[in-house]
Number of protein chains: 2
Amino acid sequence: MKGIVWILAFLSCIGANAQSEDSAMMRKIADQVLSSPAAYENLRVLCKNVGARLAGSPGMLKAEAWGQKALEAAGADKVWLQECMVPNWNRGGKDEAWYSIKEGKNVKKTALDILALGNSMGTGAKGLLLPAILINDFNELEARQAEVKGKIVVFNNIFDPKNLNTFRSYMESGAYRRQGPSLAAKYGASAVLIRSITASTDNNPHTGGLLYDSAYPKIPAAAMGLKDADELIAQLRAGKEITIFYKSNAGFQPDAVGHNVIGELTGSEFPDRYITVGGHLDSWDPAEGAHDDGAGCVHSIEVLRALKAIGYKPRHTIKVVLFANEENGMRGGHKYADEARAKGEKHVFALESDAGGFTPRSFGFSLPKDKLRNIRAWVPLFEPYGVTQFADGGGGADIGPLRAALGTPIAGFNPDGARYFDLHHARNDVFENVNKRELDLGALNMALLIYMVDKYGL
Amino acid sequence: MKGIVWILAFLSCIGANAQSEDSAMMRKIADQVLSSPAAYENLRVLCKNVGARLAGSPGMLKAEAWGQKALEAAGADKVWLQECMVPNWNRGGKDEAWYSIKEGKNVKKTALDILALGNSMGTGAKGLLLPAILINDFNELEARQAEVKGKIVVFNNIFDPKNLNTFRSYMESGAYRRQGPSLAAKYGASAVLIRSITASTDNNPHTGGLLYDSAYPKIPAAAMGLKDADELIAQLRAGKEITIFYKSNAGFQPDAVGHNVIGELTGSEFPDRYITVGGHLDSWDPAEGAHDDGAGCVHSIEVLRALKAIGYKPRHTIKVVLFANEENGMRGGHKYADEARAKGEKHVFALESDAGGFTPRSFGFSLPKDKLRNIRAWVPLFEPYGVTQFADGGGGADIGPLRAALGTPIAGFNPDGARYFDLHHARNDVFENVNKRELDLGALNMALLIYMVDKYGL
């Protein structure tokens, strides 16, 4: 008995020492991030000197150059570009829309603040001038399929404020953005307008990718600002005879050459085993992509910078990846996974930040349950820094292919979701709407996780 | 044994039923708050139609009228005013400051963006034009006490970004706002300028109350915006000969009549046992007091509105109190406690929201440890709504006197603290910087806590 007690005491003492060593190292990482202007300044330059950077656009090339430079300045041992072909959709100038209500001899015209959805076809130079029909949901679309032919379908897709997880409302309401156009086209609709996928209190329209079903005509589609949408829908509900004008020059150019931008800290013990941390470099065209996903890019660069700055020598090679083309193709994520598989690379873990630069709440992991159970012992170490939960399930669009290809354990950084969809894909996703401390707290929690995974494995 | 097993099974079954009943009721409260415009709209009217509302000012009276009306509209069974005398400090117009650097024959003048500290005396109509001296901290003040006489002391009080709890940085750096002027006056300084108590990235000065020590002359004091402060301090550090001009007409008028605004839902079972929930109605003069503490006021009103709207009949009387004069006197909180003691009232619990309308993180309780241990069993019910911790320690400036007078258990709502001191007491504490969902999440978590305390006691 006494022997066992002594051994237990000894083991718990090792545990306590390891924990206090980790705790001290985490404090060092935190001090480094919180007292540095680097992440916020990187984001300012990306937003203000590069701005919008959709795949195939001139902004994409400027952003790639920015990423290389930022990774070099952060102290990467190596920085390179991984080429991949990317789609090249562009808006072709300003979208236009208005509607007119006919009451007796009077016609009242009202402007609509809209954005064509990403990947949408244009309307032709003359635009469309067609009767509107209000469709509340997909069930109603089925029930009234005979009525939509030759019309502009107005979907009343509400972003449910009652869901506690705003990403759930985004998935639900977002189905009308992704599948709505083709489902309406199936019954002969000529175009689609949706409510922007947001519950924000302003009138900014929010774009985002649609997915055409090749079985049906590719009809143009756009998102309306919520105030405009509320007004239009109220008029339609009141039975008014409404005609909508909608003009967009959007469309695709031939695919272009794009790149994942990669920087690494080479591992001291296992240089050929990789830990990936990344965000996506592309952003929609109407804004600066500050939260989506400038934040994820500078978070990831800051992980590298902070670990290097405190003199930490990672055991594994830490790769920071600024992925190409997440928004409308995910070609960068697929390229990264394909090459990893083709080269037989060993990937220990991948972490993505693509939910904004807000205050930290949790990490969501996709890895075997017993491993998740083990690493939950780390949560108390994270709590002072804001992450209070290691959730079951999560990752990111760009690292999903790596998991699919190699079974790599992955995780996503989950900041607070209250404000994300107020800005997401809209013109107010700008640097001024990112808070320095919130941004820094995200980066530091990511750095803590990378440190722990590098030290203990998974 | 079997009997005991059966009883245990029965009890745990009651426990499970109670929990699922609570969980359903909490969902109902949440749906009510999250789908209502009420809290956000109340805040808009308070910010835009009333605006600044420092004790004694015309804004104070307008705010009291707003509070009465809002409580009535929320469905209070009774609304009344509790009179108390309040101090009446005012700025007396725009503060002015600049500094000049003499280099050879050239004199370079630079404007300073400042705000006189609350409770500060003015400089007289001509202002002060005096040499500046940089003092980094109170230790240096002691060491160089002979040098400050007749000068304007510039304190280099840094808001430490490395503290994980921003309120700690506020307390540390804020000592220079509260005690700095009198400590400098002790050695003959003529005025004090401090860095604003913030780590924000803009140049807005932040006011807030100072506390004069009656043993020393009451010298004027003001806070500088951080960019101006950085520049001035860099010049002083470089040894430049600097003169500062500072003019303020601030001062006190005779005390005025103010009021706590109180609304109640009368208890069905214990009408004479009170649960208090409140914020403070006053705000500093340069802004709208949106987060400080408009948010706390509308949070508290929303608790009442939501419980009433879902038809909940509280067992205890729930009093919503919009306290007078928290910022520079706390006369409202003292009045409330004094009257409660004088009347022998029974107060079960008091909750205050005075840390902004940001996303929820925790409640902090001041109550016996065994009681805190018991109610921590509720935390899992709160987690889906954002509160993940019941912390030991907390309350609020306005309910502290109630605890001191009657030993009432108290708690404070702790939203995320990342952005609070970017806005606190500054001109950017406006409605536009409050997010509807974050505001609603705070109100709903407070409503959940009031519901649980009303149902189970403490």
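Two strands pair if DSSP finds at least two bridges between them. Helices (H or I, at least four residues) and strands (E, at least two) are DSSP runs, numbered from the N terminus. In this predicted model, local features need pLDDT of at least 70 and side-chain atom pairs count only at pLDDT 80 or more, while totals for chains, interfaces and linings use all residues. Residues are numbered from 1 along each chain as its sequence is written, and chains are lettered from A and ligands numbered from 1 in the order in which they are written.

Chain B contains an open sheet of eight strands with mixed pairing. The strand order is β3-β2-β9-β5-β6-β7-β8-β4. β3 (106-111) and β4 (114-116) of chain B stand at the edges with a single partner strand each, so one side of each lacks a neighbour in the sheet. From one strand to the next, the twist averages 30°. Strands β6 (residues 152-155) and β7 (residues 191-195) of chain B run parallel and are joined by three bridges. Within β7(B), Leu193(B) stands opposite Val154(B).

Helix α7 (residues 226-237) of chain B lies across β2, β5, β6, β7, β8 and β9 of that chain. The helix runs at about 80° to β5(B). Axes are lines fitted to C-alpha atoms, for helices over the stretch in contact, and angles run from 0 to 180 degrees between N-to-C directions.

Asn42(B) is found in helix α2 (residues 38-50) of chain B. Asn42(B) is buried, with 25 other C-beta atoms within 10 Å. The burial classes are buried (20 or more other C-beta atoms within 10 Å of the residue's own), exposed (12 or fewer) and partly exposed (in between), with C-beta atoms placed from the backbone. Leaving out residues up to four places away in sequence, Asn42(B) touches Ala70(B), Val298(B) and Ile301(B). Contact requires C-beta atoms, placed from the backbone, to lie within 7 Å. Cys297(B) is 255 residues from Asn42(B) along the chain, yet their C-alpha atoms are separated by 9.2 Å.

Between the chains, 20 residues of chain B are in contact with 20 residues of chain A. On the chain B side, α1 (2-34) and α14 (436-456) are the elements that give two or more residues. The largest share, four residues, comes from α14(B). By class, this side has seven nonpolar, five polar and eight charged residues. Ala, Val, Leu, Ile, Met, Phe, Trp, Tyr, Cys and Pro count as nonpolar, Asp, Glu, Lys and Arg as charged, and the others, Gly among them, as polar.

Note on methods
Contact = placed C-beta atoms within 7 Å.
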